[in-house]
Amino acid sequence: MDVDRSSLCNCVVNFLLEENYLLTAFELLHELLDDGRDAQAIRLKELFLDSSQFPPDQISRLNSLRVADPQSLLEEKEEIVEKFALSEYELRLAREDILKLKAELEKISKPTSDEFNGVKTDISAHPGVESQQHKKAASSFDLGALKDNERRDLNCAVKEYLLLAGYRLTAMTFYEEVTDQNLDDWQKSSAYCTDALRHYYYQYLSSTSEAAEEKVSMLRENERLVKESEKVQNDMKSLQKNKDVADAQVLTLNKSLEALQKDIKEKEKLVHELKQSLKLQSKDLNDCRAEITSLKMHIEGSRLTQKLVTIDNDHAETRTVESYKEEINLLHKQIETLKATQSVPLEIPRSTGGEQEITEKANEVLQSNMSIIIKSSSDKGLDSPDFADTPISADQIHVDGGTSDIPDQIPGGITVSPTHGNGSIVKSDQVFDYKELPALEENGRVSKQDSFDGKLISQKMGLRTIQILSDALPKIVPYVLINHREELLPLIMCAIERHPESHTRDSLTHTLFNLIKRPDEQQRRIIMDACVTLAKNVGEMRTETELLPQCWEQINHTYEERRLLVAQSCGELAEYVRPEIRDSLILSIMQQLIEDSATVVREAAALNLALLLPLFPNVDKYFKVEEIMFQLVCDPSGVVVEATIKQLVPALLNWGNKLDHVLRVLLSHILGSTQRCPPLSGVEGSLESCLRVLGERERWNLDVLLRLLLELLPFLKRRTIETCPFPNSSENNRRIFTKSLIQLYAREHAEWPAFEWLHIDCFPALIQLASLLPQKEDSLRTRLVKILLAISEHFGDEYMVCFTLPVFLVAVGGDADFTFFPSKIQPRVKGLRPKTSVSERLATLCVLPLLLAGVLGSPNQREQLTEYLRNLLVERTMQDGQETKHLDEIFNSVRFLCTFEEHHNMIFNILWEMVLSSNIDMKISAANLLKVIVPCVDSKVASAQVLPALVTLGSDPNLNVKYASIDAFGAVAQHFRNDVIVDKIRVQMDAFLEDGSHEAAIVVVRSLVVAIPNSTDRLRDYLLSKIFQLSNAQLPVTDITRRRARANAFCESIRALDATDIPANSVRDFLLPAIQNLLKDPDAIDPVHKEALEIIAKERSGGTFDTISKVMGAHIGLASSMTSLFGEGGILGSSTNSSTNRKETADPSSAIEPIENSKVSPLPPSAEDTRFKRIMRGSFSEMLRGKPKAIDDNPPN
């Protein structure tokens, strides 16, 4: 169909160009391009691109009339690009077609003129063939000039084609160009037909010789297809007949199958019935065998009684023997009859007549011998060897018709009491039920000829003994003392091992596990040993079906001791079960136990899981066990974590051999648990937004995960040595990572994943973790330092210098040597360098402590640490015009370094160098640094190093240095209560106050206020006295700013002191007068402070503050608000205090009596209540009034 359309389009193009219908041809070109038919538009493109026919200047002039639309131009460009791609594809196809056609032309030796013209027409649609002018000339030469009627017919045919093809714009243009003809009126002629152009085309094709041959071949093909269709129909009919026959056969087979299934079910039912019958017959047979055994025992007993008769009774003995022989012969006949009866096929019901007869005979024998037994036993004594050693089976006891028939001999010295109608046996004034009496398993007096029967008798006796024991044990255990129940374990184990019934064994196994309600460690050990011994004896299948289900039932027991017993048992029982049970049922039990609420149970589960792993048949459950291991590592209990890290983790690594996966998952857990915490601040782009707030649980998890990483370093070292791709001649493992080996690694570019994991994965992860930890997380930062120091210890100083140091230097923004890093990993390490100012601060705050304490802090790098720290603190400050950036963050890093006592001497050497420097900024930095590191030193270091340095700085003439040292003194006073240190601080503070400087006084007061909560009473009294002295000093009235600053500092100090216990004399001598001095200047004091001071004065004065104010009069100059607040009609005037408080006032004679205008005098507030009020007032009064507390009011961290 595509070839037909192409040929028709080519015909139309030829016609339009021959008739010079250029507008129609131009519209046809656009519509062909819109349809993507570029191959048919090639000739039209070439025509309109011909500059000779269409001059460029005219085209450009016409184009200039159009307003360019960028969006449409972009769309046209995209369409052109797509069409160009399609055109290239079609061009390639066209060229292939040309090559094929050329090959076909070469095969045709004598082509006809029609074929030649047809080929020319087809080829004309493609570039690279003869030009259109040549074909036009050939057409004119062959057919002559176009006649009018031919032109009219072709015009109508072309118009019809354009409308049918959808080229409506081209058709409209064609209407306009054909002016001498009405295209809608096609006169009836031989050329008229519907879809004329296609008919012309097909007629032209059919006129060639090839078309005739094609028609003949089509007719032959049609005939062949008709024959094949008839053949296929015949085959379908035969297949349908076969299908019907097959369906009938299938139906018949289905019916026969149903009948067979019914027969099978009936036979299965019959087999089941036969099996039931067989069981019943087997049971009857066993009963018969038991009865035969019992009769044989009676016979043996009768024989043995002959030895018990004395010589004086020979005649009676002879008669008895003869009667016994007759009875024995009769019994033998009955036994033979019974055996013959048992040999009958199982379908025949067993007759019970023989049993009854045998039983009657046995009873007669028992009755006849009873008197002889009793008599002989009384003659010989119950302790006779012949009597005591005679065994008896429980089957010898037979009860018939409600009466008890007792055997002729009873072991153990037990006599029969005929007075007990219930058949009880009496021994040593104790009554036992003869049904509960165990029997011995062997009979030493069975004759040689009956040895085989003796074995059967022994087996039956043992089975009966086990049954009696199994029935008695559950009744005996509850009445045995708990501390002695383990003595029953051999009996319980024997019963479990030998009893034939499974439900009884399950009951006994349950008794074994529940032998003691809450067993201690020793008792659990005894029970476990019993379980292990039992598992050895009974084999794998019974261990799986009897012991393990008991473990599963005890998982959720109320008492943790029982759950602990399960956890400890599973690890030891795993050796005695099949391998596939170990990693399925036992692993499931362990997985349940690690979720237990009891710490000891989880610890035992971790330890026993470590014992279980080497017994697993494969590593299919590795990832599940690894997940359990990480769950146990993050357990909230320290003992569980310890057991997991010390026992389970090595067992997991030895079993699974997947250290790389464990390390990868470990780093993921470390970073993930930190990143999931909320940020310290919600301000995007700030330093605090990069830090995380850790909860207690997250902090614990991070600590134990880092500890696990520390414990994995020896395994990593071993794996690194094992996978080393280079030969190493060093025999000392501590020196295996030599510099020559590291150089070889950097030069050869060999794969060494275990070695590269540290500096490619581990160090960047630790840096990222450190960058998430706030400043207060020193414990976690210390754990990171321990990891870095352990890496240096395991891998050597060469590794630290060549790899660890460059990584951390780059991470803090410094310069590093990457000589020993392979070129392919250098970009990854260099990418750790901070790129923004916030990231630089973050690196200085979080990563620099690790560099100082963990990398440079190793024992062999002390000189490098001293040089680096001196350069950081001293040399950068000494450079002119350069200010040290991020000084607070650097001080925090030095503070963290000071937590390691071995670095104190080095730090204070650098500090003294800063203190004695002539640079003012360096001295101020030294004072600030001393203030920061005070919490990290002890009193000895504070006295020997910190205080002398601060005294030196305090004597500096520069005020900024002096004030910085005062703040540091306050930090020392805050952290140390030593009297010697406090005295030194007081002396130095007096030296600061001697100058009379207003600024120095405020700085001293504010620095000591910070130390009030943790200071001694001497320092509080000192501060209170200084406040009183300074408040007496008068400032110029015009200097309101300095007056307010001083008043605020003093008020804050008084309110802080009021929250502590102040002696009464200090209150009288310093506190109240200081308050009075401050209230003299109402313009300088804040109203909030004023109200708080008035309340403090009222409470501390014990109700005499009004009297004091009246006595002092104009000297005190109290504001009117004091009288209104504390007067008789004031808010607090009605509250009075006890006489004890009045005695503590400055002038006892001026004390006034309580106001007696009420009938009941209110009770004075208690000391605790007063102090609580002071604390609440000092801490929350600003909150109640909407005023934020100043920074100095906050207690130190």
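Salt bridges number 39 in this structure, which is a predicted model. Side chains of opposite charge can pair when their charged atoms come close. Several of these pairs were examined individually.

Arg578 and Glu580 meet through their side chains in a salt bridge, with an N to O distance of 3.5 Å. Arg578 has a relative accessible area of 27% and is therefore partly exposed. Glu580 is also partly exposed, at 44%.

A salt bridge joins Glu711 to Lys646. The closest N and O atoms of Glu711 and Lys646 lie 3.5 Å apart. This pair links distant parts of the chain. Glu711 belongs to helix α26 (residues 696-722), whereas Lys646 belongs to helix α24 (residues 638-656). The two residues are 65 residues apart. Glu711 counts as partly exposed because its relative accessibility is 25%. For Lys646 the value is 40%, so this residue too counts as partly exposed.

Asp761 and Arg828 form another salt bridge, at 3.8 Å from N to O. Distant parts of the chain are again linked. Asp761 is partly exposed, with a relative accessible area of 34%. Charged residues also form a network of salt bridges, which links Asp979, Asp983, Arg986 and Arg1018.

Asp761 also takes part in the surroundings of Leu667. Beyond neighbours within four places in sequence, Leu667 is in contact with Trp757, Asp761, Cys762 and Ala765. Leu667 lies in helix α25 (residues 659-675). Its relative accessibility is 10%, so Leu667 counts as buried. The C-alpha atoms of Leu667 and Leu709 are 8.6 Å apart in space. In sequence, Leu667 and Leu709 are separated by 42 residues.

The overall fold was then considered. The chain contains 47 helices and five strands. Of its 1197 residues, 43% are buried. Among contacts between residues at least 6 apart in sequence, 70% join residues at least 24 apart. The accessible surface of the chain comes to about 65100 Å². Carbon and sulfur atoms account for 54% of that surface.

The largest nonpolar core holds 224 residues. Leu712, Phe808, Leu851, Leu869 and Leu873 touch the most other members of this core. Helix α29 (residues 778-811) gives the most to the core, contributing 18 residues. Leu873 touches Ile890, Phe891, Val894, Ile910, Met914, Met922 and Leu929, with residues up to four places away in sequence not counted. Another core lies apart from the largest one. This other core has 31 residues, including Leu8, Ala25, Leu44 and Leu47.

Asn155 is placed in helix α8 (residues 148-165). Its relative accessible area is 1%, so Asn155 is buried. With residues up to four places away in sequence left out, Asn155 touches Phe15, Tyr21, Phe174, Val178, Gln181 and Leu183.

Leu205 is found in helix α10 (residues 196-206). With 35% relative accessibility, Leu205 counts as partly exposed.

Cysteines were examined last. A disulfide is a covalent bond between the sulfur atoms of two cysteines. With a cut-off of 2.5 Å between sulfur atoms, the count comes to zero disulfides. Cys690 is in no disulfide. The nearest cysteine sulfur to Cys690 is that of Cys846, 8.9 Å away. Cys690 is partly exposed, at a relative accessible area of 26%. Cys634, by contrast, is buried, at 17%.

Note on methods: Residues are numbered from 1 along each chain as its sequence is written. This is a predicted model: local features need pLDDT of at least 70, side-chain atom pairs count only at pLDDT 80 or more; totals for chains, interfaces and linings use all residues. Side-chain values use heavy atoms; hydrogens and water are left out. A nonpolar core is a set of buried Ala, Val, Leu, Ile, Met, Phe, Trp, Tyr and Cys residues joined through side-chain atoms within 4.5 Å. Buried means under 20% relative accessible area, exposed over 50%, partly exposed in between (1.4 Å probe, protein chains only). Helices (H or I, at least four residues) and strands (E, at least two) are DSSP runs, numbered from the N terminus. Contact means heavy atoms within 4.5 Å. A salt bridge is a side-chain nitrogen of Lys or Arg within 4 Å of a carboxyl oxygen of Asp or Glu. Accessible areas come from the Shrake-Rupley method with a 1.4 Å probe; for residues, only the protein chains shown count as cover.
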